[in-house]
Amino acid sequence: MGEDATVTDEDGRRGTPLVDEVIKKAAVAWVTVADEPARGLWCAPLEGALLVVSGPGEQAAPGLAEAAAAQVTMRGDHGGRVVTWSARVDRLLPGTEEWETVAPLVAAKRLNASGSTADLIQRWADEGCALTRLTPAGDTVSGEALPSDSLAEPPRDTPAARATRKPFRLHRVRRR
């Protein structure tokens, strides 16, 4: 089995040794849903998959919770893109056994959250936040097959941005 060999687990997870390695080290992944631009999302690795929390009070990931599939691009230690893989998207629902097992693990890795882990999990459930699992499930693009251009996009519109005004008057500092 070579470096690019795809391995399929009994649960239908399909990955390569490269995908498995970048998932273990992941903190951020660029996720593309449908034809939308890729979004940089905080994620937590768990058992060969990435977990993403989105919704009110968390990061925005439009369409991810309702999607069945996504494309995930990950970077290597050098900061550059090393692999893009197809992912199966599964939403974990509050009140299920899977939620009760996984949500505390993700909440424990959530930095700068106010309150306890239990409070955070309860807020996610109450406010309708989505906890989604991205599992390798298809094609993997790496090495020479990756695009060589930057794929940079113009900044998206945001209500947080505002025009910076120039000062109406420049002044000199007087010396005594």
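Me: What volume does the largest pocket have, and how is empty space found at all?

Reply: The general idea is that a probe the size of a water molecule, rolled over the atoms, shows where space is left empty. Here a pocket is an open set of points, on a 1 Å grid over the protein atoms alone, where a 1.4 Å probe fits, with protein on both sides within 12 Å along at least five of seven lines; lining residues have an atom within 4 Å of a point. The volume is the space filled by probe spheres set on the points, which are joined across faces, edges and corners. For the largest pocket that gives about 420 Å³. Its lining has 16 residues, and the closest to the centre are Trp30, Ala38, Thr73, Arg81 and Leu151. Do keep in mind that this is a predicted model: local features need pLDDT of at least 70, side-chain atom pairs count only at pLDDT 80 or more, and totals for chains, interfaces and linings use all residues. Residues are numbered from 1 along each chain as its sequence is written, and side-chain values use heavy atoms, with hydrogens and water left out.

Me: Which element gives the largest share of that lining?

Reply: That is β7, with four residues. Strands (E, at least two residues) and helices (H or I, at least four) are DSSP runs numbered from the N terminus. Elements giving two or more residues to this lining are β3 (28-32), β7 (69-75) and β8 (81-92). By type, the lining splits into six nonpolar, seven polar and three charged residues. Nonpolar covers Ala, Val, Leu, Ile, Met, Phe, Trp, Tyr, Cys and Pro; charged covers Asp, Glu, Lys and Arg; the others, Gly among them, are polar.

Me: What lines the second largest pocket?

Reply: This pocket has a volume of about 210 Å³, and its lining includes Leu18, Glu21, Val22, Met74 and Asp77. Helix α1 (17-24) contributes the most, three residues.

Me: Is Ala29 buried or exposed?

Reply: Ala29, in strand β3, is buried, with a relative accessible area of 1%. Its contacts (heavy atoms within 4.5 Å) beyond four places in sequence include Gly40, Leu50, Val72 and Met74. The C-alpha atoms of Ala29 and Gly40 are separated by 5.6 Å, although these residues are eleven apart along the chain.

Me: Which residues of helix α3 are buried?

Reply: In α3 (residues 117-126) they are Leu120, Ile121 and Trp124. They lie on the same side of α3 because they cover an arc of only 95° around the axis, taken from the directions from the helix axis to the C-beta atoms. Exposed Ala118 and Asp126 sit on the face turned away from the buried side. The cover over the buried residues of α3 includes β6 (49-54) and α2 (97-109).

How values were computed: Buried < 20%, exposed > 50% of the residue type's maximum accessible area, 1.4 Å probe, protein only.
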